[in-house]
Structure formats: C-alpha cells, structure tokens
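Please review the following briefing alongside the sequence and the coordinates. It is arranged by topic for quick reference.

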Amino acid sequence: MDRSLLIHVAVLLGLTALAVSTTQAAEPAPARQKELVHMVRQDCGSCHGMRLAGGLGPALLPERLADWPDDSLVATIIHGRPGTAMPGWQRFMNEAEAGWIVARLKQGFPELD
Amino acid sequence: MRLRPAIAALGLTLGLAGCATTPPEALRGTGDLGVVIERAAGRVQIVEHSTNTSLATVPGLGDLSHAHVTFSRDGRFAFVFGRDGGLTKVDLLTRRIDKRIIQAGNSIGGSISQDGRLIVAQNYEPGGIKAFDADTLELLSEVPAEYAPGKFSKVVGLADVPGQRFVYALFEAGEIWVTDFTNPRRPVTTRHPAGRQPYDGLVTPDGRYFLAGLFGEDGISLLDLWQPERGATKILAGYGRGEQKLPVFKMPHLRGWSLAAGQAWLPAIGRHEVLVADARSWQETARVPVKGQPVFVMARPDGRQVWVNFAFPDNEWVQVIDTVEKRVVHTFSPGKAVLHMEFEPRGEEIWLSSRDSNRVSVVNTTTFATRAELPADAPSGIFFTARGQRIGF
C-alpha cells in the first residue's frame, strides 16, 4: 500500500474515533448518567437540596437557571465559584458530563431510580 | 322499661373499661426511643436502642433532604423539620403524625425552648426564625434575618440556651444573633458581629459559649453568653496558615457534642484535620490528621473518644480519635455514604446511617463490632430522645 494513502487512512480513522468519542462524551453512557443523577441529587443536594430547590446553595430548578448561559454554568460546575461555598467538581466529571448535567437541569432534572 | 337504663349502664361500664385497659405491651417509656430519617422517601422510622430494633414507619413528612429533629421534654414527641419548610410533630407512642404545618419555603432545622413550650425553626427562605407553640404548632412570633434594609440572611446553627433564649448565626450577614423569647409574642434580639460566612454553630453543654464555625475565613467565632456585652471573639484564627484550601464538598455540622476531655474538637474547613482547642483558654492544643474533610466530629458521651465522618468523596469512612492520645485509633467503613452518627445516651453503642447502602449500623464503641444492622431507605439523620434533656439540642 502507498505510504501517503496509509497516512490518509490513519488520519481518517483517527478523526472518526475522535468524532465518536466526542458524541459519546456529549451523551454519557446510561450507567454513567445514572451515576451523575445520583451525584447531583445526593451530593450536590447536600447544599442545593435533594429536590434542587435550594439550601445553602441556590435552587437549581429550570426557571432559576433559564437566563444563565450553558458555558458559564459548566464552568461553575467544573471550577467552582471563588468567594462562595461552591467547589469545583473537575475531579469527578469532565466538561462534557457537566454540559449534560446543565442541559438536564434546564429541562427538569431526572429523578433518582 | 326498667331494663334499658341497666343495659345502658352496663354498656357505659364496658366502654369505659375498654378505654382504660391499655394492652400491657403498649405501655412503655420513651427514654430509649429515637427516629431515623429516610430522606428520599419522606418517612421516619421509630426505633429503640434497648434491643436495637425498628418499631414503626411514619410516612408523609415531605422533603427530608436536610432534616433535623428536636424532642419534647417528656420524650413523647419528635418535631421533624424538613427542607421544604415542613414542621411535623410525630407521636412516638401512637406512632402517628400528631400535627403538621408548612412554616417556611426552605428550612434547615430548629430547637425547643428551655421550658419546653416553644419550638423555634431556623429558615433559609424566608431567612429568619419562627417560634411556635409546642403543643398546637400555632405561630407565635418571628424574627426575620434582615441584617440591612431589604437584605435577608440564611440562618444557621440555631441552639436553645437558658433564659428562653435562642442563639444562631447569619451566613450572609456574618453575625451571631441572640433572641430572648421570655415573652414569646414579643421577642427581643441582640446582634454581634462574628466573621465571614458562619456555616453552623453549637452551644457548649452548659449553655455558656456559642461557637460559630466560619467558612469565609479560618477561625471560629466565640460568644460568651454569660457576658454577651463583650461581643464575639475569634479563636483558632488563621488555622489554615494561608495555605490553599482543599475543596469542601459538604459543609461540616456543629453541635454541643464537640467537647470532650476538657477540649473542643472541631472540623477544619478545607483541611483534612480535626482542630483541638483547650475549652478554658480556647487556645489550639493539637490537630489530628484525618482521612478527609470532617463533617461530624462527635464526642462519645464519656469524652474518651471522638468519632468523625467525612464529606464526599471520602464518605464511606469513619475514624475514631482517642482523646488522650489525640490520634486516630480506628478506621472503618460501615457502608457507603455515611451521613450521620448518634451515640446511645451512655455511649456503649453508636448508630451510623449509610445512605447508599440503605442501612443503619449499630456498632459497639469498645470492640468496634457491629451489633445490629437495620434496613432503611437512604437513611440520613438519627436522633434519640435523650436529646430532649440537653441544652442546645
């Protein structure tokens, strides 16, 4: 096989793999979704309330979040908010997963099983 | 007919006899009773710690994701404060809800007055406290946490103290307030600057000192309630030594169980340490390195041990500190997501709730052997009626 063709194939395969992984990251696998729902309701819930109606932290209900841009909400989850009690959660999720959480929060967050 | 009054009289006698005869098994004291919160299901279990069993389940208590319980002095009624502002009076003997009201939009807990006649709730939304008649749950008065015109604070750390007073801290305002309910319809409040972002508070078992843990700075705010005019002072200031804080994934909880062996044992914020201060001079005497961010730092009633649980992600662990050696002597995992612990009144056993293992474990505090495991649906708080006899609970 021609060497340049080989490189083309390799690059194509790489791009395909990248595309697949990006789509997967945007929509976590079902088991991971379950973990994220549990984490949000139970662990984020210790400040925001299990029903996300607020506590020491603000409510995370759709009407409350509607005016916030997704990327700033994702940044808040990943990096926290200095000067407040909100820590960054980057040890426990990536940005795509935080994005999935933000989208679900804005729709009305899934219940625990 | 002459027979009729006789029959009526007989019926009355039988009826009265029926009322007066309580089945012997139903006659019991309440000193060994308690409740376990099933947070997601909005239920409580009524439990007893003489033989470590669950007696009944009482449903219909709303959102219990941050529930707190205080008890009537006769140990019969549990007042359950729900996150959704629900205040439910549960009869531990009939095992039913006696009364239930929604008193706020977002609540965090409450406490009972020295004379047992007032229940005071502390609320996030609307920020402030409210006093209720303990018998009827009628609203008697409220103190909005309006610390500046139009600005309301969340209330944390509410504790009852002698003189029909309640002490609490204001998260946004950075103040400690003392409200006197001697006249329950006309409360009188005094304010004391405390420090940045107090997250919870405790009163010492004698009711003298109120300590507010600070989130926004390294230190604890201390108010001497025997001499409140002297104002709040700061202890353990700068314990973080200017180092970068570790993230805090759950706020610690303070209560009057922090004193043991003449020392106060307190969770550090953003450090995996328990801070130890002399309970007379309030000077730091030690720090005990632990496995994670401490949430509850709870002394066994005799003070020889201090038990610690942790914030996410270390919340499957529990550590036991020996208060003489000031070091961890036992580390174990009773289950996943250990949310709360409660000692039996004399301390020979401790109950631990494991939310994600759906069980409550009863552990011997000398041998650390598990004595019982009770199934429970995502349990959180465990509260025994012995709290009803203590200042600050």
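UniProt, in an unreviewed entry, assigns the feature "domain: Cytochrome c" to residues 28-109 of chain A; UniProt positions are given in the numbering used here, feature names are shortened, and annotations may be inferred rather than shown by experiment. Helices (H or I, at least four residues) and strands (E, at least two) are DSSP runs, numbered from the N terminus.

This is a predicted model, in which local features need pLDDT of at least 70, side-chain atom pairs count only at pLDDT 80 or more, and totals for chains, interfaces and linings use all residues. Residues are numbered from 1 along each chain as its sequence is written, while chains are lettered from A and ligands numbered from 1 in the order in which they are written.

**Helix α5 of chain A**
- The buried residues of α5(A) are A:Glu97, A:Ala98, A:Gly99, A:Trp100, A:Ile101, A:Val102 and A:Leu105.
- A residue is buried if 20 or more other C-beta atoms lie within 10 Å of its own, exposed if 12 or fewer, and partly exposed in between, with C-beta atoms placed from the backbone.
- Just after α5(A), A:Gly108 adopts a positive phi of about 110°.

- A:Leu52, which is not a glycine, has a positive phi near 60°.
- A:Leu52 sits in the loop between α2 (30-48) and α3 (62-65) of chain A, and is buried, with 23 other C-beta atoms within 10 Å.
- B:Gln197, also not a glycine, has a positive phi of about 55°.
- The loop between β17 (188-193) and β18 (198-203) of chain B holds B:Gln197, which counts as buried with 23 C-beta neighbours inside 10 Å.

**Cis peptide bonds in chain B**
- The bond from B:Glu125 to B:Pro126 is cis, with omega near -5°, and B:Pro126 is in the loop between β9 (118-125) and β10 (127-133).
- The bond from B:Phe312 to B:Pro313 is cis, with omega near 5°, and B:Pro313 is in the loop between β27 (305-310) and β28 (318-322).

**Contact between the chains**
- The contact involves 17 residues from chain A and 19 residues from chain B, two residues being in contact if their C-beta atoms, placed from the backbone, lie within 7 Å.
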